[in-house]
Amino acid sequence: MAMADRRQVTEDWVEEAERVRDELRDALGDAGVTLPSLGLDAASCAGSVPLALIDLGRCNVATARALTAAVRPVEGAG
């Protein structure tokens with residue numbers, strides 16, 4: 001893979017992780033939860049294969065998505 005392609009893949013992963021982090025922050029906020037250190041793990045965003053871990057005590061993007069879904073209220077419930 002060319003250097004420019006790797007850079008784009010890395011940027012895409014980081015942007016996706018930032019979106020998921022923001023979704024998680026919003027969902028947790030809706031549930032009255034604030035994680036003051038919620039962010040991206042910088043070390044995981046570097047390298048040839050970026051993982052873009054979301055740091056709340058570390059979890060991957062899929063786990064953050066699952067947590068986001070779990071804390072959002074179910075519409076029509078209650």
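1. A salt bridge is defined here as a side-chain nitrogen of Lys or Arg within 4 Å of a carboxyl oxygen of Asp or Glu. As a general rule, an α-helix has 3.6 residues a turn, so residues three or four places apart point the same way.

2. The basis of the note should be stated at this point. This is a predicted model, in which local features need pLDDT of at least 70 and side-chain atom pairs count only at pLDDT 80 or more, while totals for chains, interfaces and linings use all residues. Residues are numbered from 1 along each chain as its sequence is written, and side-chain values use heavy atoms, with hydrogens and water left out.

3. On confidence: pLDDT is the predictor's confidence in each residue, on a scale from 0 to 100. The chain has a mean pLDDT of 82, and 90% of its residues reach 70 or more. Confidence is lowest in H1, with a mean of 84, and highest in strand S1 (residues 39-40), at 90. Where pLDDT is low, the predicted coordinates should not be read in detail.

4. On the overall arrangement: the chain contains two helices and two strands, and along the sequence these follow the pattern α-β-β-α. Helices (H or I, at least four residues) and strands (E, at least two) are DSSP runs, numbered from the N terminus. Contact means heavy atoms within 4.5 Å. Among contacts in the chain with a separation of 6 or more, 48% are made by residues 24 or more positions apart.

5. A residue is buried under 20% relative accessible area, exposed over 50%, and partly exposed in between (1.4 Å probe, protein chains only). Of the 78 residues of the chain, 27% count as buried.

6. Which residues form the largest nonpolar core? This core has 12 residues, namely Val14, Ala17, Val20, Leu24, Leu28, Leu38, Cys45, Ala52, Ile54, Cys59, Val61 and Ala64. H1 and H2 each supply at least two residues of this core, and the largest share, five residues, comes from H1. A nonpolar core is a set of buried Ala, Val, Leu, Ile, Met, Phe, Trp, Tyr and Cys residues joined through side-chain atoms within 4.5 Å. Cys59, one of the core residues, touches Leu53, Ile54 and Ala64, not counting residues up to four places away in sequence.

7. On helix H2: Val61, Ala64 and Thr68 are buried in this helix. They lie on the same side of H2, because they cover an arc of only 60 degrees around the axis. The arc is that of the directions from the helix axis to the C-beta atoms. The face turned away from the buried side of H2 carries the exposed residues Ala62, Ala69 and Ala70.

8. On Thr68: this residue is found in helix H2 (residues 61-71). Thr68 counts as buried because its relative accessibility is 6%. Leaving aside neighbours within four places in sequence, Thr68 is in contact with Glu23, Leu24 and Ala27.

9. On the salt bridges: how many does the structure hold? There are six salt bridges. In one of them, Glu16 pairs with Arg19, the closest N and O atoms being 2.9 Å apart. Glu16 and Arg19 both lie in helix H1 (residues 3-30), three residues apart, about one turn of the helix. Glu16 is partly exposed at 23% relative accessible area, and Arg19 is partly exposed at 44%. Glu16, Arg19, Glu23 and Arg65 are linked in a network of salt bridges.

10. Arg21 is buried, with 16% relative accessibility. Asp22 is partly exposed at 31%, and Arg25 is partly exposed at 39%.

11. On Asp41: this residue is found in the loop between S1 and strand S2 (54-55). Is Asp41 buried or exposed? Asp41 is buried, because its relative accessible area is 11%. Asp41 touches Leu53, Asp55 and Arg58, not counting residues up to four places away in sequence.
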